Amino acid sequence: MCVCERERERVRHLQCMQHTKCQSRTHRCPEYITYQSVAREVQQLLKRFCLINSQHFLFTPDPNTDGHSGAQRQQTLQTRMGNFLQPVIILFSLLVSTTGAVQVVYAQVGETVNLKPLELKKSHNYVYWTFMDLQLGWRNHFGGKSLTNDKAWNNKLQMTDDSLIIQDIQQENFGTFQVSVSSQSPLISTISTIILVKLEVSKSPASPLLPGESLSLHCSAEVSQKPEIYWLDPTGQRKTNNDGSFSTRVTGQHNGEWTCVVAQQKHVKMSITVVDLSPAPSHAQYTSTSMPVTIPCSLSPHITWEQIKVKGVEEVHWQFFPRQSSGVSAVKAQRLFFLSLESMLFTAERNRDLRPVLRPTTGNFTLTRKQGREEDAGDYVCTVKFKNGVTLNSTVRVDVLQIMAYPGADLHPGQLLNLTCSIGHPLPSDLRLQWSPPKHSPQESVHHSAHLTIPEVSTGDAGNWGCSLWEGKRRLTSTVITLSIEHRLNVWMLVIICGAAVIVILLVILIVILYRRRNRKMRHLRHQLCRCKHPKPKGFYRT
């Protein structure tokens with residue numbers, strides 16, 4: 001086959017790629033043109049162009065056409081010009097082809113990846129995907145598309161208008177992908193390369209972990225030029241090393257989602273479970289003699305009792321350090337409860353009328369009572385021990401809100417009254433107190449000071465005085481004291497009352513004496529009337 005015929009055949013193939021009828025005879029269309037093949041085609045066409053120009057398109061008289069008419073010579077000239085323009089068109093179409101940027105996509109085994117060329121536009125008519133030398137699929141703007149039947153890619157591929165979706169990636173699916181995107185108007189062909197890199201993320205040992213145990217995290221990419229890799233802890237803080245490895249001794253703060261960041265584009269989550277108790281409340285638990293008391297202690301929400309058993313739990317118990325008058329907790333502890341691991345029931349060692357929850361297997365070891373007491377103030381320590389020596393502690397401070405009245409709760413009008421609402425030590429800066437006097441009291445309804453002074457109390461101040469503890473708009477606890485205010489008796493009132501009482505007593509005595517004297521006279525009169533020795537029987541007598 002001569003050079004011109006070979007070039008005409010290439011033109012037909014190129015036209016086949018741009019023609020819709022190519023869908024029914026795809027076996028005649030070129031499968032793919034790589035970047036290296038583009039360079040080779042350019043070199044060959046340049047050589048052929050020079051050869052054709054020197055051998056076939058010298059416009060010299062042809063002895064075979066000297067006898068022909070002018071029209072025949074003109075037709076021969078047009079044929080030769082057409083043969084000349086065909087390779088020029090091919091060369092131009094190759095020269096306007098561009099190569100897209102190389103993308104690197106990171107993925108783990110088993111993931112689903114969406115490969116999308118950066119420069120793909122809807123105006124492009126044909127898209128061809130290849131992996132190594134295997135054509136994975138193609139599509140055109142008429143809706144036609146086809147996918148490979150290769151076993152390594154069976155049921156893994158999906159093509160959309162702008163991407164290639166690969167499901168359940170395995171080891172053999174990692175490598176270099178190329179996508180050829182061509183358009184008919186204008187005649188442009190773009191070649192992009194996407195490198196799918198295997199990413200391995202692991203942790204050692206497996207969760208759950210106890211505080212103090214060692215943890216190692218690894219994140220690596222199977223590529224010669226290592227990208228930047230670093231870890232983010234559950235709070236979002238970046239770790240200093242950039243080689244993808246991180247080791248530490250865990251604490252409760254290490255529990256949660258760790259993130260491996262690869263080349264600022266791939267984020268891989270790694271869940272780390274650390275067995276720990278839920279953080280104790282930042283403030284003390286506040287109660288009063290008129291409010292219930294709750295002392296919380298529980299496992300973190302993500303921890304189950306089965307995980308606790310696997311890690312070798314040995315003992316669960318409560319201790320109490322009473323608050324001294326100085327506000328400092330006592331050094332000597334009182335053991336309150338311990339949990340029997342066989343029956344999963346709490347046993348009381350010191351009776352303070354506190355009650356544990358009914359189901360400790362849920363990881364909840366909270367103590368409660370319906371009403372607080374003044375002696376509840378102190379530190380309560382919840383302890384979980386493991387066989388390897390690890391001990392988990394949660395300390396809950398309990399403060400009791402009290403109202404103290406001086407000189408007392410029983411007063412007389414006009415007396416000086418000092419009321420003090422306190423928890424036994426200065427309040428934190430974010431807490432405040434609020435007084436609530438009785439409705440008929442002349443005092444103001446709101447006071448924010450711990451001390452309240454009433455120079456002269458009145459009968460209207462009698463009743464229930466409340467003091468509540470607030471954190472912002474949330475009431476933490478409250479307590480109540482009842483004041484009794486009655487009038488004081490003076491000396492003259494006392495003399496009058498006593499004189500009246502004496503008069504009443506004398507009158508009673510006089511009445512008793514007169515009554516007894518009258519009775520005595522009546523008995524004496526009856527005795528005088530009955531003096532005859534032989535009284536006649538009662539009856540009717542004849543006069």
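**Disulfides and rings, a quick chat**

User: Where do C219 and C260 lie?
Analyst: C219 is in strand β10 (residues 214-221) and C260 is in strand β13, so the bond ties together parts that are 41 residues apart in sequence. Helices (H or I, at least four residues) and strands (E, at least two) are DSSP runs, numbered from the N terminus.

User: What kind of model is this, and what got counted?
Analyst: It's a predicted model: local features need pLDDT of at least 70, side-chain atom pairs count only at pLDDT 80 or more, and totals for chains, interfaces and linings use all residues. Residues are numbered from 1 along each chain as its sequence is written, and side-chain values use heavy atoms, with hydrogens and water left out.

User: OK, back to C219 and C260. How far apart are their sulfur atoms?
Analyst: They are 1.9 Å apart.

User: Is C219 buried or exposed? And C260, buried or exposed?
Analyst: C219 is buried, at a relative accessible area of 2%, and C260 is buried too, at 0%. The cut-offs are under 20% relative accessible area for buried, over 50% for exposed and in between for partly exposed (1.4 Å probe, protein chains only).

User: How many disulfides does a search of the whole structure find?
Analyst: Three. One of them joins C297 to C382, with S to S at 2.2 Å. C297 lies in the loop between β16 (293-295) and α4 (305-310) and C382 in strand β22 (residues 378-386), so this link ties together parts 85 residues apart in sequence. The torsion about that S-S bond is about -65°, so the C297 and C382 disulfide is left-handed. Both C297 and C382 are buried.

User: What about C421 and C467?
Analyst: Those two form a disulfide as well, sulfur atoms 2.0 Å apart. At -95° about the S-S bond, the C421 and C467 link is left-handed. C421 sits in strand β25 (residues 417-422) and C467 in strand β28 (residues 463-471), so the pair ties together parts that are 46 residues apart in sequence. C421 is buried at 1% relative accessibility, and C467 is buried at 1% as well.

User: And C498, how accessible is that one?
Analyst: C498 counts as partly exposed, at 39% relative accessibility.

User: Switching to rings. How many aromatic pairs are there?
Analyst: Eight. Rings of Phe, Tyr and Trp (its six-membered ring) pair if their centres lie within 6.5 Å; planes under 30 degrees apart are stacked, over 60 edge-to-face and the rest tilted.

User: Which residues do ring pairs link into a cluster?
Analyst: W305, F337, F346 and F365.

User: What sits over the ring of Y230?
Analyst: The charged end of R238, 3.7 Å from the ring centre. The rule is NZ of Lys or CZ of Arg within 6 Å of the ring centre and within 35 degrees of the ring normal.

Methods
Disulfide = S-S within 2.5 Å.
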